[in-house]
Amino acid sequence: MSNLVYFIHTAILMIIQLLLLDNIQVSSYVYLNIYVLAILMAPDEFSDTFVLLMAFVLGVIVDFANNTMGIHTAAATLMAYFRPMILEAVSVRQNNPIKTALRASNTTWLAKYIALTSVIYFVSFIMLETFSFRAFHITLLRIVFSTVASFVIMMLYYFTAIRSSSRHE
């Protein structure tokens with residue numbers, strides 16, 4: 001995926017997040033966040049520092065739009081910090097893991113990558129929002145439901161938009 005195509009996908013993901021998903025109330029147990037896929041699919045040419053900065057900026061934009069006082073920023077930046085370690089842990093090939101994922105027919109490692117980073121994102125996001133261990137079973141349910149719902153939405157977007165656009169390159 002070229003840098004231009006990546007930034008177009010990032011803009012589309014932010015529009016979907018801000019105009020659609022932030023206005024859908026599925027349940028008080030479920031948060032739908034697709035914008036984090038933009039951080040996860042950052043091209044290999046981007047430095048880890050640039051990805052961290054980008055995660056911070058995207059988080060600030062979502063926080064500003066939702067009036068959430070930095071929770072998205074903290075969770076997205078933490079996820080971006082762990083991104084290279086998780087990529088290294090689940091990647092089959094060490095060189096160009098994102099390019100490999102976009103062209104690979106086997107997407108199980110990509111699903112692991114998105115799932116693990118989503119867990120990091122939602123554990124930090126929901127724990128920061130709750131800021132309490134009282135009713136921890138409810139908090140755990142919110143983490144699980146939000147992770148699963150967002151994972152499904154991210155995989156749908158990946159298969160319909162990102163994978164199809166990377167095949168045409």
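**View 1. The side chain of S118 comes to 2.7 Å from the backbone oxygen of I114.** In this predicted model, S118 sits within helix 6, which runs over residues 108–130. S118 has a relative accessible area of 1% and is therefore buried, since buried means under 20%. When its neighbours within four places in sequence are left aside, S118 is in contact with T147 and M154.

**View 2. Helix 6 from end to end.** The 23 residues of helix 6 should span 33 Å at 1.5 Å a residue, and this agrees with its end C-alpha atoms, which are 32 Å apart. Just after helix 6 comes F131, which takes a positive phi of about 50 degrees.

**View 3. S132 in the loop between helix 6 and helix 7.** Here a polar atom of the side chain of S132 lies 2.9 Å from the backbone nitrogen of R134.

**View 4. A salt bridge between the side chains of R142 and E129.** The structure holds one salt bridge, in which R142 and E129 meet at 2.3 Å, taken from N to O. This pair links distant parts of the chain, for R142 belongs to helix 7 and E129 to helix 6, and the two are 13 residues apart.

Note on methods
Residues are numbered from 1 along each chain as its sequence is written. This is a predicted model: local features need pLDDT of at least 70, side-chain atom pairs count only at pLDDT 80 or more; totals for chains, interfaces and linings use all residues. Side-chain values use heavy atoms; hydrogens and water are left out. Helices (H or I, at least four residues) and strands (E, at least two) are DSSP runs, numbered from the N terminus. Buried means under 20% relative accessible area, exposed over 50%, partly exposed in between (1.4 Å probe, protein chains only). A polar contact is a pair of N or O atoms within 3.5 Å; within protein, one must be able to donate a hydrogen and the other to accept it, and residues adjacent in sequence count only if both atoms are side-chain atoms. Contact means heavy atoms within 4.5 Å. The expected span of a helix is 1.5 Å times one less than its number of residues. A salt bridge is a side-chain nitrogen of Lys or Arg within 4 Å of a carboxyl oxygen of Asp or Glu.
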